Amino acid sequence: MCDPVGWEDRGVRGCWPRLWDALGSAATVQSLAMASGAMQLGLQLVQQGAEARVYRGRFLGRAAVVKLRFPKRYRHPALEERLSRRRTAQEARSLLRCRRAGIPAPVVYFVDYVTNCIYLEDIIGSITIQDHINSVQDSGSDTSSLLNVAEKMGELLARMHDEDLIHGDLTTSNVLLRPPVEKLDLVLIDFGLSFISGLPEDKGVDLYVLEKAFLSTHPNTETLFKALLKAYGATSKKSGPVMKRLDEVRLRGRKRSMVG
Ligand SMILES: Nc1ncnc2c1ncn2[C@@H]1O[C@H](COP(=O)(O)OP(=O)(O)O)[C@@H](O)[C@H]1O
Ligand SMILES: [Mg+2]
């Protein structure tokens with residue numbers, strides 16, 4: 001199969017003039033043409049998710065991943081298209097915001113709003129924090145090193161929140177660990193549900209979502225999550241009201257689950 005992304009079906013070629021109008025530069029249009037050609041060759045599926053497929057390949061000679069958002073079948077196609085586009089745009093904007101603020105995130109190589117594809121730097125050899133925690137736990141070796149990982153993650157999220165960036169889908173699979181693992185070089189990814197907000201409430205909910213995901217994906221890791229929150233509190237300049245909100249959100253969550 002030479003067209004796994006479905007460029008032909010999606011009418012990429014027919015859209016060049018529109019892109020030309022939107023972007024208005026010969027160099028950009030040339031890079032667009034090369035982009036679609038470059039990534040079509042030798043793409044390898046990395047992950048098939050519910051709303052996106054992630055492929056690994058090369059983009060203009062660089063190791064890249066391409067994330068393609070596709071419509072879910074059960075919603076109206078026009079609504080789907082809008083959602084995919086908005087998420088692709090949010091992902092690109094937030095990745096750029098991270099990089100501007102010096103927060104580690106993949107470089108954005110190219111965004112294609114016709115096919116809702118985003119081309120990113122491949123964090124070569126990385127693994128998700130989720131896989132890392134699982135492999136350390138499964139190996140039966142000393143898990144104390146995981147405390148450092150949790151602390152680093154807390155620091156990183158504090159820096160992200162201090163930029164008023166809410167991730168919207170914090171889980172241990174949306175943070176990568178660059179090799180070598182011992183360097184604890186974390187990279188944030190998957191910003192499709194992110195948004196900008198300075199409200200402690202939004203930051204508290206972001207942490208609550210992570211807490212739920214963390215503790216259900218990694219049972220018996222309460223100490224790890226506490227270490228994460230402690231590091232968050234020590235790093236963020238605005239953590240006081242956020243932690244207060246986190247407590248309130250937890251309480252609301254508990255009340256809701258009691259009511260059923
Ligand atoms: N820039 C990247 N470099 C290396 N691997 C990546 C990169 N982006 C995503 N991945 C891999 O693809 C997986 C899915 O990407 P993600 O953006 O989280 O998509 P989804 O919305 O489907 O969860 C990640 O868990 C990671 O393993
Ligand atoms: Mg993800």
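Where is Thr-115 found? Thr-115 sits in the loop between β4 (108-112) and β5 (117-121), where strands (E, at least two residues) and helices (H or I, at least four) are DSSP runs numbered from the N terminus. This is a predicted model, in which local features need pLDDT of at least 70 and side-chain atom pairs count only at pLDDT 80 or more, while totals for chains, interfaces and linings use all residues. Residues are numbered from 1 along each chain as its sequence is written, chains are lettered from A and ligands numbered from 1 in the order in which they are written, and side-chain values use heavy atoms, leaving out hydrogens and water.

Let's stay with Thr-115 for a moment. Its relative accessible area is 0%, so Thr-115 is buried; buried means under 20%, exposed over 50%, and partly exposed in between (1.4 Å probe, protein chains only). The side chain of Thr-115 also makes a polar contact with the side chain of Asp-112, at 3.1 Å. Such a contact is a pair of N or O atoms within 3.5 Å; within protein, one must be able to donate a hydrogen and the other to accept it, and residues adjacent in sequence count only if both atoms are side-chain atoms.

Now to the metal. Asn-174 (OD1) and Asp-190 (OD) coordinate the magnesium ion, ligand 2, at 2.1 Å. Donors are N, O and S atoms within 2.8 Å of the metal (3.2 Å for Na, K and Ca), and since water is not among the atoms, sites may look incomplete. This pair links distant parts of the chain, 16 residues apart: Asn-174 is in the loop between β7 (165-166) and β8 (175-178), and Asp-190 in the loop between β9 (185-188) and β10 (195-196). Asn-174 is buried, with a relative accessible area of 6%, whereas Asp-190 is partly exposed at 22%.

Both residues meet ligand 1 as well. An oxygen atom of ligand 1 is 3.0 Å from an N or O atom in the side chain of Asn-174, and a polar side-chain atom of Asp-190 lies 2.9 Å from an oxygen atom of ligand 1. Taken alone, ligand 1 exposes 540 Å², and the protein buries 85% of that (Shrake-Rupley method, 1.4 Å probe; for residues, only the protein chains shown count as cover).

Finally, look at helix α5 (residues 145-162), where Asp-162 is found. Asp-162 counts as buried because its relative accessibility is 17%. The C-alpha atoms of Asp-162 and Thr-235 are separated by 9.4 Å, although these residues are 73 apart along the chain.
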